[in-house]
Amino acid sequence: MSKYLQQWLIIFLLALIPGISFGARDPVQTEFYKANNPDFQYVGRVDFSNPLQPRFWMPGVYIRARFTGTRCRIFLNDEQLYGNHNYIEIIIDDQPPFRIRTIRSPDTIDISSRLQPGTHTLVICKDSESGIGYLAFLGMECDQLLPPPALPQRKMEFVGNSITCGYGNDKTIPCGHGVWYDQENAYESYAPVTARALHAQWYISAVSGVGLIHSCCGMNIIMPPVYDKVDMRGDSIQWDFSRYQPDVLTICLGQNDGIQDSTAFCSAYVKFIGQIRTHDPETKIICLSSPMANAALTRVLQKYITSIVTHLHDQGDQQVYRFFFSRQFNHGCAGHPDIEEDRQIAGELTAYVRQVTGW
């Protein structure tokens, strides 16, 4: 059988997989690579129960690929939960990132017009959080997929709420226009910005509105019971912690709790760190103040976190730290940090992580 006929047979068989559709293409010059190809790198909480359509809900989950040529199309399914559409960030080589909103499911994203001849490294990052629904990666069509460069050895995880998700930071669509997640950009949140500055992988484990013992806005979850899930907002699908052991984990909770009884809040915080320790016994854990908190809440969180860290040190855990941001950052939408402030927050946190790790 000729190579031409073989390629058309592959395309025909792939078209039978639910969720994949193809427009006009030149089968001689491009090839479709399925999502289970080992040359795709997945970083984040991903559900691989269907390896041909791995699903991910959490903000900041990203996929890396390396390929040659000037043609590339990305194939995604969007859950379109409640009619919502996810945003993704795409980064090609060292070019500035660009943000795209899915418009259908399945969706085909053609980035060919942005490619020059040669070899390229591609990053696809989920900008929207789990409450917007999952994305499923179906695969990629390009000239030739190549083994990717190794991921950074350093690993970080960022536990938090809307601030960590990047809610309200991207004002490309002005605040008050569109829908709320139009302004959410997880790739540009302080968490991935910090990780990239430190040449580390990142996981974002965060949900907008979530608290440690009290969540805002009538939300029916708090962080500790959902921390072990692939989809934290939906409280579904058990996560396998053995897949990722962070060197550094930060906790940025308390904004949605507000000022709570000290015993209740501090006891829950200590218990939550104990929960994390069952999975990550050697991880350096940094407890953060809230970078958007007002003066009153900031004073309370600083006091509580100081007592929590002191208590844990007295109990023998010397790998727990505290870091307090220099001021309130709230020039984004709904009083959140904007992208520039996320970079400032990341700058402060990066310096502290270097101090405690030697990175």
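This short talk walks through the helix packing, the nonpolar core and a few backbone details of one structure.

Hi everyone, thanks for coming. A word on the ground rules: this is a predicted model, where local features need pLDDT of at least 70 and side-chain atom pairs count only at pLDDT 80 or more, while totals for chains, interfaces and linings use all residues. Residues are numbered from 1 along each chain as its sequence is written, and side-chain values use heavy atoms, with hydrogens and water left out.

Let's begin with helix α3, residues 190–197. Helices here are DSSP runs of H or I with at least four residues, strands are runs of E with at least two, and both are numbered from the N terminus. Is α3 enclosed or open? Of its 8 residues, 6 are buried, so α3 is largely enclosed by the rest of the structure. Buried means under 20% relative accessible area, exposed means over 50%, and partly exposed is in between, using a 1.4 Å probe and protein chains only. The buried ones are Tyr-190, Ala-191, Pro-192, Val-193, Thr-194 and Ala-195. Just after α3, His-199 takes a positive phi of about 55°.

Two packed helices are described by the angle between their axes and the distance between the axes. For α3 and α7, the angle is about 45° and the axes are 8 Å apart. Those axes are lines fitted to C-alpha atoms, for helices over the stretch in contact, and angles run from 0 to 180 degrees between N-to-C directions. The two helices are therefore oblique to each other; under 35 degrees would count as roughly parallel, over 145 as roughly antiparallel, 65 to 115 as roughly perpendicular, and the rest is oblique. α3 passes α7 in a right-handed crossing, meaning that the near helix is turned clockwise from the far one by less than a right angle, with anticlockwise being left-handed. On the α3 side, the contact (heavy atoms within 4.5 Å) is made by Tyr-190, Val-193, Thr-194 and Ala-197, and on the α7 side by Asp-342, Arg-343, Ile-345, Ala-346, Leu-349, Thr-350 and Arg-354. By class, that is 6 nonpolar, 2 polar and 3 charged residues. Nonpolar here covers Ala, Val, Leu, Ile, Met, Phe, Trp, Tyr, Cys and Pro, charged covers Asp, Glu, Lys and Arg, and the others, Gly among them, are polar.

The other helix pair is α5 (residues 262–279) and α6 (residues 295–314), whose axes come within 10 Å and cross at roughly 50°. These two are therefore oblique as well, and their crossing is right-handed. α5 brings Ser-262, Phe-265, Cys-266, Tyr-269, Val-270 and Ile-273 to the contact, while the α6 residues include Leu-301, Tyr-304, Ile-305 and Ile-308. What classes do the residues of this contact divide into? There are 10 nonpolar, 3 polar and no charged.

On to the core. The largest nonpolar core holds 103 residues; a nonpolar core is a set of buried Ala, Val, Leu, Ile, Met, Phe, Trp, Tyr and Cys residues joined through side-chain atoms within 4.5 Å. Touching the most other members are Ile-74, Leu-122, Phe-137, Met-140, Tyr-190 and Ile-251. α6 gives the most to this core, with 8 residues. Leaving aside neighbours within four places in sequence, Phe-137 is in contact with a list of residues that includes Phe-40, Leu-52, Ile-74 and Phe-75. Phe-75 itself sits in strand β4 (residues 62–78) and counts as buried at 2% relative accessibility.

Next stop, Gly-168, in the loop between α2 and α3. Gly-168 is buried, with a relative accessible area of 1%. Not counting residues up to four places away in sequence, Gly-168 touches Gln-183, Glu-184, Gly-332, Cys-333 and Pro-337.

Finally, some backbone details. A cis peptide bond joins Ser-105 and Pro-106, with omega about 0°, and Pro-106 lies in the loop between β6 (98–101) and β7 (107–110). Asp-93 is not a glycine, yet has a positive phi of about 55°; Asp-93 counts as partly exposed at 31% relative accessibility. Cys-217, also not a glycine, has a positive phi of about 60°. Is Cys-217 buried or exposed? It is exposed, with a relative accessible area of 74%.

That's my tour, and I'm happy to chat.
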